[in-house]
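Hi there,

Here is the structure I promised to pass on to you. Have a look at it first, and then read my notes below.

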Amino acid sequence: MEIVHQETAVREDKQLIVLTHLSQLLDYVTGFGGFIVPLILWIVNKDRVHGMDEHGKSILNFQISLFIYVILCIPAIFLVGLGIIGLIVLCILAFVLPIVNAVKASNGEKPNYYISIPFFK
């Protein structure tokens with residue numbers, strides 16, 4: 001009995017990577033989709049699409065980092081309102097950085113979520 005292993009071909013798909021970055025904006029629509037959808041896209045396509053592993057890890061690092069920063073801002077609200085300023089800044093960054101990195105991905109550049117904590121390397 002012969003076992004045949006079929007190797008999956010790695011393909012270039014910039015549109016899917018761009019879509020993965022932009023799917024983070026689902027947080028503004030559903031409240032939680034901005035983590036789940038990129039996670040699913042990354043898990044399913046990390047071995048199939050060239051560059052998806054790097055972009056997916058960057059997105060997940062960014063989403064986890066944002067969650068931690070938001071949790072830290074909540075008690076800081078009681079400290080002279082610094083938490084409110086922090087939440088506003090995080091909200092702006094959570095909207096702008098996925099769009100900027102989607103444009104970078106469409107140009108074939110590496111993602112840069114500069115406020116991310118590197119959980120996945």
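Which helices do the buried residues of H2 pack against? They pack against H1 and helix H3 (52–76). Please keep in mind that this is a predicted model.

Let's stay with H2 for a moment. This helix covers residues 33–45, and its 13 residues reach 18 Å from the first C-alpha to the last, close to the 18 Å expected at 1.5 Å a residue. Its buried residues are Gly33, Gly34, Pro38, Leu41, Trp42 and Asn45. They cover an arc of only 150 degrees around the axis, which means that they sit on the same side of H2.

Next comes H4. Just after H4, you will find Gly108 with a positive phi of about 80 degrees.

Finally, how do H1 and H4 meet? Two packed helices are described by the angle between their axes and the distance between the axes. For H1 (residues 14–22) and H4 (residues 82–106), the angle is about 175 degrees and the axes are 8 Å apart. Angles over 145 degrees count as roughly antiparallel, so H1 is roughly antiparallel to H4. On the H1 side, the residues in contact are Lys14, Ile17, Val18, His21 and Leu22, and they meet Pro98, Ile99, Asn101, Ala102, Ala105 and Ser106 in H4. By class, this contact has seven nonpolar, three polar and one charged residues.

Happy exploring!

Terms used
Residues are numbered from 1 along each chain as its sequence is written. This is a predicted model: local features need pLDDT of at least 70, side-chain atom pairs count only at pLDDT 80 or more; totals for chains, interfaces and linings use all residues. Side-chain values use heavy atoms; hydrogens and water are left out. Axes are lines fitted to C-alpha atoms, for helices over the stretch in contact, and angles run from 0 to 180 degrees between N-to-C directions. Helices (H or I, at least four residues) and strands (E, at least two) are DSSP runs, numbered from the N terminus. Angles under 35 degrees count as roughly parallel, over 145 as roughly antiparallel, 65 to 115 as roughly perpendicular and the rest as oblique. Contact means heavy atoms within 4.5 Å. Ala, Val, Leu, Ile, Met, Phe, Trp, Tyr, Cys and Pro count as nonpolar, Asp, Glu, Lys and Arg as charged, and the others, Gly among them, as polar. The expected span of a helix is 1.5 Å times one less than its number of residues. Buried means under 20% relative accessible area, exposed over 50%, partly exposed in between (1.4 Å probe, protein chains only). The arc is that of the directions from the helix axis to the C-beta atoms.
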